[in-house]
Amino acid sequence: MTYAQKVAQKIEKAKGREEIRLLAIESSCDETSAAIVKGREVEALVIASSVETHALYGGVVPEIASRAHVEAIAQVVQQAMEKANVTPDDLDGVAVTYGPGLVGALLCGVSFAKGFAYRYGLPLVPVHHIEGHISAAYIAHTDLVPPFIALVVSGGHSHLVKVSDYGCHEILGRTHDDAAGEAFDKAARVLGLPYPGGPTIDKLAQQGNDNALPLPKAKQEGYNYSFSGLKTALLQGVARLEKQGVKLSDADIAASFRKAVVEQLVDKAGLALRDTGINKLVLAGGVACNSLLRSRANEVAQKHSAKIFLPPPILCTDNAAMIGCAGYYRYLKGDFADMSLNAVPSMTLPEK
Ligand code: KG4
Ligand code: ZN
């Protein structure tokens with residue numbers, strides 16, 4: 001039997017069944033992750049991160065990330081299969097992130113997924129990384145159904161998305177420059193704090209005064225964001241206060257910066273809830289771990305009589321479980337790839 005015939009047989013067997021079980025692979029940045037996901041349920045999740053090596057260089061070094069994926073991927077997949085106690089025969093397909101992300105990093109996951117799918121005659125499901133982040137909420141909240149507004153904030157993206165159905169998105173707003181996570185990481189670098197800056201600033205900010213350093217509110221039209229000016233404003237503000245003999249602590253600077261980023265994010269999310277009349281707000285992406293963002297988003301949702309959905313931090317940062325869940329809905333739609341699937345480093349979230 002050819003690969004195409006085996007795949008057709010697998011898809012036929014899975015038809016009408018809700019219990020579709022996928023091996024999912026994520027390798028778009030510095031996390032090598034594999035998961036076994038049955039529908040929206042996670043049977044196993046394994047994440048190996050090369051973040052500690054990147055921290056030595058103050059940011060992700062693409063070549064190091066690719067090498068780390070190559071070294072880790074086979075073991076990570078094997079561990080996920082063992083944890084879930086499944087064999088390739090128990091799988092209905094393989095879901096993989098094919099973009100956006102670092103091209104070398106993505107290629108490791110895509111190549112492995114293709115090889116695995118070919119070897120075992122399994123359908124291959126291509127998943128957009130951002131769609132994966134949004135789908136983390138389906139895993140964490142079994143009651144969540146579209147439509148909802150998703151605030152997707154990570155190291156590479158800041159999007160406000162209207163999700164009208166599974167896999168159906170409309171981008172309401174996006175950042176014009178830095179992503180929110182990137183802004184945290186850059187601000188941390190300015191302060192001499194370790195990479196990744198987001199978690200460090202969040203922790204430090206707990207002891208700081210968030211009014212210590214006044215930062216300007218970016219005036220972006222519609223639901224769009226802008227964060228790049230904040231870093232410059234931070235530097236200039238600190239220098240101005242120092243001239244006046246005021247020396248701010250790192251905690252005060254971190255708290256002021258965190259507030260400025262978070263207020264921008266939640267203001268626009270609130271506008272989107274108000275204008276669309278949608279009464280569900282989902283947070284997604286690494287920055288969704290931010291403690292202030294979580295509490296402020298909750299308040300904004302309440303103000304608009306909306307329900308908030310906050311996935312646990314492990315599902316907010318990069319992981320393969322979210323890719324498996326997004327892959328499940330792609331599978332139901334019959335959205336498969338063949339062996340020509342390639343990594344796509346820059347790719348906007350498909351809208352429909
Ligand atoms: O989603 P993610 O793991 O990877 C990308 O797809 O980019 O997000 C990583 C980003 C980093 O920029 C990191 O600094 C940020 O998420 N981050 C946070 C927090 N935890 C992670 N930013 C603010 N506060 C946090 N607690
Ligand atoms: Zn991500």
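A polar contact is a pair of N or O atoms within 3.5 Å. Keep that cut-off in mind at the ligand site of this predicted model. A nitrogen atom of ligand 1 is 2.9 Å from an N or O atom in the side chain of Asn 290, so this pair falls within the 3.5 Å limit. Asp 185 also reaches the ligand: one of its polar side-chain atoms lies 2.7 Å from a ligand oxygen. Gly 156 uses its backbone instead, with an N or O atom 3.4 Å from an oxygen atom of ligand 1. Taken alone, ligand 1 exposes 550 Å², and the protein buries 89% of that.

Now widen the view. Ligand 1 sits in the largest pocket. The shell around ligand 1 holds 20 residues. Gly 155, Asp 185, Asp 202, Gly 286 and Asn 290 are the closest. Which helices each supply at least two residues of this shell? They are helix 5 (129-140), helix 6 (180-190) and helix 7 (197-205).

Next come the aromatic rings. A pair of rings is described by the distance of the centres and the angle of the planes. The model holds 11 aromatic pairs. Take Tyr 3 and Tyr 118. Their ring centres are 5.3 Å apart and their planes meet at 35°, so the pair is tilted. Planes under 30 degrees apart would count as stacked, and over 60 as edge-to-face. Tyr 3 lies in helix 1 (residues 3-14) and Tyr 118 in helix 4 (residues 103-120), so the pair ties together parts that are 115 residues apart in sequence. Buried or exposed, where does Tyr 3 fall? Tyr 3 is buried, with a relative accessible area of 15%. Tyr 118 is partly exposed, at 49%.

Helix 4 also holds a pair of its own. Phe 116 and Tyr 120 are both in this helix, 4 residues apart, about one turn. Their rings form a tilted pair, 4.9 Å centre to centre with 50° between the planes. Phe 116 has a relative accessible area of 11%, so this residue counts as buried. Tyr 120 is partly exposed at 33%. Gly 115 is found in helix 4 as well, and is partly exposed at 38% relative accessibility. Elsewhere, ring pairs link Tyr 138, Phe 148, Tyr 166, Tyr 328 and Tyr 329 into a cluster.

Turn to helix 10 (residues 291-303), which contains Arg 296. Arg 296 is buried, with a relative accessible area of 18%. Its side chain joins that of Glu 299 through a polar contact of 2.7 Å.

Finally, check the backbone. A cis peptide bond joins Gly 99 and Pro 100, with omega about -10°. Pro 100 lies in the loop between strand 4 (93-99) and helix 4. Another cis peptide bond joins Tyr 195 and Pro 196, with omega about -5°. Pro 196 lies in the loop between helix 6 and helix 7.

Positive phi values also turn up in loops. Asn 85 is not a glycine, yet its phi is about 55°. The residue is found between helix 3 (62-84) and strand 4, and is exposed at 68% relative accessible area. Ser 305 has a positive phi of about 50°, again without being a glycine. Its loop runs between helix 10 and strand 10 (307-309). Ser 305 counts as exposed, at 61% relative accessibility.

Methods
Residues numbered from 1 in each chain as written. Chains lettered and ligands numbered in written order. Predicted model: local features only at pLDDT ≥ 70, side-chain atom pairs only at ≥ 80, totals over all residues. Heavy atoms only, no water. Phe/Tyr/Trp six-rings, centres within 6.5 Å; stacked < 30°, edge-to-face > 60°. Buried < 20%, exposed > 50% of the residue type's maximum accessible area, 1.4 Å probe, protein only. Near = heavy atom within 4 Å. Polar contact = N/O pair within 3.5 Å; in protein donor to acceptor, adjacent residues only side chain to side chain. Areas by Shrake-Rupley, 256 points an atom, 1.4 Å probe, with all protein chains shown as cover. 1 Å grid on protein atoms, 1.4 Å probe; cavity = no way out; pocket = protein on both sides within 12 Å on 5 of 7 lines; lining within 4 Å. Sits in = over half its atoms within 2 Å of the grid points.
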